[in-house]
Amino acid sequence: MDVERWSVAAGFVPPLWAILLVVVGATLATIEGIRSFRAPPSGTSRGLAAGLLAMRLLAIAAVVGIAFELTLRIEQVSPLGRRDAHDRRDREQAHREQARRKAARRP
């Protein structure tokens, strides 16, 4: 049975000022969302307020993911201990396809 390990890797680490800007913005947006959830406008159901909070938190996570170009890596380890990363397999397949295209262009 293969074992899968999932990890998140940053594809890009922005400069310190940009990191601080993203962190401050995400923090303020989270605080505002929680305050809005605790005291929803009159006539708003609790379920709707919870749904809006969930959407806000999802949007904040998406902005952070875009800012750091987060990538989900899935590694599979077979019982023999061999590592099989999907990234490597995809690169090898793309290389083979590129070689096939070059060979097809030659007369």
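User: What makes Glu69 partly exposed?

Analyst: Its relative accessible area is 44%. Buried means under 20%, exposed means over 50%, and partly exposed lies in between, with a 1.4 Å probe and protein chains only. The value of 44% falls in that middle range, so Glu69 counts as partly exposed. This is a predicted model, where local features need pLDDT of at least 70, side-chain atom pairs count only at pLDDT 80 or more, and totals for chains, interfaces and linings use all residues. Residues are numbered from 1 along each chain as its sequence is written, and side-chain values use heavy atoms, with hydrogens and water left out.

User: How do you know which stretches are helices and which are strands?

Analyst: They are DSSP runs, numbered from the N terminus: helices are H or I with at least four residues, strands are E with at least two. The protein has three helices and three strands. Along the sequence the order is β-α-α-β-β-α.

User: Why are H1 and H2 called roughly antiparallel?

Analyst: They pack at an angle of about 175°, and their axes lie 9 Å apart. Axes are lines fitted to C-alpha atoms, for helices over the stretch in contact, and angles run from 0 to 180 degrees between N-to-C directions. Angles under 35 degrees count as roughly parallel, over 145 as roughly antiparallel, 65 to 115 as roughly perpendicular, and the rest as oblique. At about 175°, the pair is therefore roughly antiparallel. Contact means heavy atoms within 4.5 Å. Residues making it include Ala26, Glu32 and Phe37 of H1, and Leu53, Arg56 and Ile60 of H2.

User: What makes Arg56 and Glu32 a salt bridge?

Analyst: Their side chains meet at 2.5 Å, N to O. The rule asks for a side-chain nitrogen of Lys or Arg within 4 Å of a carboxyl oxygen of Asp or Glu. The distance of 2.5 Å is inside that limit, so the pair qualifies. The bridge links distant parts of the chain, 24 residues apart: Arg56 is in helix H2 (residues 46-67) and Glu32 in helix H1 (residues 16-38). Arg56 is partly exposed at 31% relative accessibility. Glu32 is partly exposed too, at 43%.

User: How many salt bridges are there by this rule?

Analyst: Two. One of them joins the side chains of Glu97 and Arg101 at 3.7 Å, N to O. That distance is within 4 Å, so this pair also meets the definition. Glu97 and Arg101 are four residues apart in helix H3 (residues 86-105), which means about one helical turn separates them. Glu97 has 30% relative accessibility and counts as partly exposed.

User: What makes the nonpolar surface patch, and why can Leu70 belong to it?

Analyst: Trp6, Val8, Leu70 and Leu72 make a patch of about 440 Å². Patches take residues with over 30% relative accessible area and no salt bridge; like charges are joined within 9 Å, and nonpolar side chains (Val, Leu, Ile, Met, Phe, Trp, Tyr) within 5 Å. Leu70 lies in strand E2. Strand E1 (3-10) and strand E2 (70-77) each supply at least two residues of the patch.

Conventions. Areas by Shrake-Rupley, 256 points an atom, 1.4 Å probe, with all protein chains shown as cover.
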